[in-house]
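Trainee: Please walk me through this model, one feature at a time.

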Amino acid sequence: MHDLWRGYQDRVAFYVIYIKEAHPDDGWMSAGNVQEDIHVFDPASEAERVELAQTCSLRLQIEMPMLLDGLNNRVASAYGGWPDRLYLVSRAGRVAYQGAKGPQGFKPEELEAAIQAELATE
C-alpha cells in the first residue's frame, strides 16, 4: 500500500482512517495478536483511541496521514469499513471505488486501476 501512496501522493490524497479496534483483549481476540504479544483493550475514551492509533501507526510503520474515527464509529458505519476496506473518493465527493471487506477484499491493485481511471477523466 505504501508503494501505491508513494506513486500517487502528488495527485491523490491518501488517508488511513483508524476505526474501532478489531481484536481487543476484551473482545474478539486474534491468535496473531497473542503470538505477537499485542495486547490492547477497546478504548473507552477518545484519548485512548488516539493512543492506540499512534501505536498502530508506529508498529506498522504507516507513513500515510492517519485520521481517527470517533468512539461512535460513525465513519466505519457509514462506509462499512470494519475490519478494513479501500475507498477512492473523487474530487467531487463521489465514491469512485469501494473495495470488498478485508482482509480478503483488500486489493491495492484494484484501487490503483480505479485511481488511474479517475485521473484519466480529469
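Trainee: Which residues does Phe 14 touch, not counting those up to four places away in sequence?

Mentor: Start with the rule: a contact means heavy atoms within 4.5 Å. Leaving out residues up to four places away in sequence, Phe 14 touches Met 1, Leu 4, Trp 5, Tyr 8, Gln 9, Met 64, Pro 65 and Ile 115. The model is predicted, so local features need pLDDT of at least 70 and side-chain atom pairs pLDDT 80 or more, while totals for chains, interfaces and linings use all residues. Residues are numbered from 1 along each chain as its sequence is written, and side-chain values use heavy atoms, without hydrogens or water.

Trainee: Which residues touch the most other members of the largest nonpolar core?

Mentor: A nonpolar core is a set of buried Ala, Val, Leu, Ile, Met, Phe, Trp, Tyr and Cys residues joined through side-chain atoms within 4.5 Å. The largest one here has 14 residues, and Tyr 8, Val 12, Phe 14, Leu 88, Leu 111 and Ile 115 touch the most other members. Helices α1 (2-8) and α5 (108-120) each supply at least two residues of this core. The most comes from α5, with four residues.

Trainee: Is Glu 118 buried or exposed?

Mentor: Glu 118 lies in α5. It is buried, because its relative accessible area is 17%. Neighbours within four places in sequence aside, Glu 118 contacts Leu 88, Ser 90, Arg 94 and Ala 96.

Trainee: What is the overall pattern along the sequence?

Mentor: Read it as α-β-α-α-β-α-β-β-α. That is five helices and four strands. Of the 122 residues, 33% are buried. Among contacts between residues at least 6 apart in sequence, 48% join residues at least 24 apart.

Trainee: Which residues make the nonpolar surface patch?

Mentor: Patch members have over 30% relative accessible area and no salt bridge; like charges are joined within 9 Å, nonpolar side chains (Val, Leu, Ile, Met, Phe, Trp, Tyr) within 5 Å. A salt bridge is a Lys or Arg side-chain nitrogen within 4 Å of an Asp or Glu carboxyl oxygen. Areas come from the Shrake-Rupley method with a 1.4 Å probe; for residues, only the protein chains shown count as cover. Here Tyr 15, Ile 17, Leu 67, Val 75, Tyr 79, Val 89 and Val 95 make a patch of about 580 Å². Leu 67 belongs to strand β2 (residues 66-68). At 40% relative accessibility, Leu 67 is partly exposed.

Trainee: Which residues joins a cis peptide bond?

Mentor: Check omega: the bond between Gly 102 and Pro 103 is cis, at about 0°. Pro 103 falls in the loop between β4 (95-98) and α5.

Trainee: What phi does Gln 61 have?

Mentor: A positive one, about 55°, although Gln 61 is not a glycine. Its place is the loop between α3 (46-59) and β2. Gln 61 is exposed, because its relative accessibility is 61%. Asn 73, not a glycine either, has a positive phi of about 55°. Asn 73 is in the loop between β2 and α4 (74-79), and at 17% relative accessibility it counts as buried.

Technical notes:
Buried < 20%, exposed > 50% of the residue type's maximum accessible area, 1.4 Å probe, protein only.
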